[in-house]
Amino acid sequence: MRRSLLALAIIPALYTSMVFAGDTEIKAAQSSIDSQLKAFRAGDNAAAYSFAAPNVKRIFPTLENFMNMVTGAYKPVHQPRSYAFGKVQELSPTSIIQQVIIVGADGKDYEAVYTLELQPDGVFRITGVSLRAANSFST
């Protein structure tokens with residue numbers, strides 16, 4: 001009986017600590033996205049590139065390659081008028097999917113879905129972004 005009561009007392013405590021750890025990881029991932037978007041806005045392309053994960057850097061091994069991809073296919077991400085974080089999903093403590101609602105320089109709404117992975121240096125880096133135009137996100 002004592003073991004059952006002890007187990008019942010420990011399980012909620014473990015669940016609560018996992019929720020708080022998730023919030024910390026999500027905020028860290030959002031900080032990486034926010035920092036990259038601010039770097040793009042400021043014209044600091046090297047800083048923006050630093051938030052790309054190793055898998056992205058293998059595909060785009062130079063800053064020039066990376067920026068050609070961004071300015072060609074991800075213009076709303078490169079120069080957003082505004083942006084806000086939307087839905088988030090924590091796949092694991094080291095893997096996050098984050099929706100970002102973007103108003104592009106053209107005034108249109110876009111949805112960017114970022115995937116991020118925690119790197120050995122303790123920073124969440126962006127492993128991919130899917131972008132699509134949206135009719136409207138207002139309710």
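Because the model is predicted, local features need pLDDT of at least 70 and side-chain atom pairs count only at pLDDT 80 or more, while totals for chains, interfaces and linings use all residues. Residues are numbered from 1 along each chain as its sequence is written, and side-chain values use heavy atoms, with hydrogens and water left out. The protein has five helices and four strands, where helices (H or I, at least four residues) and strands (E, at least two) are DSSP runs numbered from the N terminus.

**Overall fold**

- Along the sequence, the elements of the protein come in the order α-α-α-α-α-β-β-β-β.
- Of the 139 residues, 32% count as buried; buried means under 20% relative accessible area, exposed means over 50%, and partly exposed lies in between, with a 1.4 Å probe and protein chains only.
- Among the contacts with a separation of 6 or more, 45% are between residues 24 or more positions apart, a contact being heavy atoms within 4.5 Å.

**Helix α4**

- Helix α4 spans residues 63–73, and its residues F66, M67, M69 and V70 are buried.

**Aromatic residues**

- Two aromatic pairs are found in a search of the whole structure, where rings of Phe, Tyr and Trp (its six-membered ring) pair if their centres lie within 6.5 Å, and planes under 30 degrees apart count as stacked, over 60 as edge-to-face and the rest as tilted.
- F40 and F66 form a stacked pair, with 6.4 Å from centre to centre and 15° between the planes.
- Since F40 lies in helix α1 and F66 in helix α4, this pair ties together parts that are 26 residues apart in sequence, and both F40 and F66 are buried.
- The rings of Y49 and F66 have centres 4.9 Å apart and planes at 50°, so this pair is tilted.
- Together, F40, Y49 and F66 form one aromatic cluster.

**The largest pocket**

- The largest pocket has a volume of about 210 Å³. On a 1 Å grid over the protein atoms alone, a pocket is an open set of points with protein on both sides within 12 Å along at least five of seven lines, and lining residues have an atom within 4 Å of a point; grid points are joined across faces, edges and corners, and the volume is the space filled by probe spheres set on the points.
- Of the 15 residues that line this pocket, V56, F66, M69, I126 and V129 are the closest to its centre.
- Helices α1 (2–42), α3 (54–59) and α4, along with strand β4 (124–134), each supply at least two residues of the lining, and β4 gives the largest share, four residues.
- The lining has twelve nonpolar, three polar and no charged residues; Ala, Val, Leu, Ile, Met, Phe, Trp, Tyr, Cys and Pro count as nonpolar, Asp, Glu, Lys and Arg as charged, and the others, Gly among them, as polar.

- Q98, in strand β2, counts as buried at 1% relative accessibility, and the residues it touches beyond four places away in sequence include I26, Q30, I33, F85 and A112.
- The C-alpha atoms of Q98 and I33 are separated by 9.0 Å, although these residues are 65 residues apart along the chain.
- A112, in strand β3 (residues 109–118), counts as buried at 0% relative accessibility, and among the residues it touches beyond four places away in sequence are V77, Q98, V129 and L131.
- A112 and F85 are 27 residues apart in sequence and 9.6 Å apart in space, C-alpha to C-alpha.
- G107 lies in the loop between β2 (95–103) and β3, and G107 is partly exposed, with a relative accessible area of 34%.
- Between G107 and P80, the C-alpha to C-alpha distance is 9.0 Å, and the two residues are 27 residues apart in sequence.

How values were computed. 1 Å grid on protein atoms, 1.4 Å probe; cavity = no way out; pocket = protein on both sides within 12 Å on 5 of 7 lines; lining within 4 Å.
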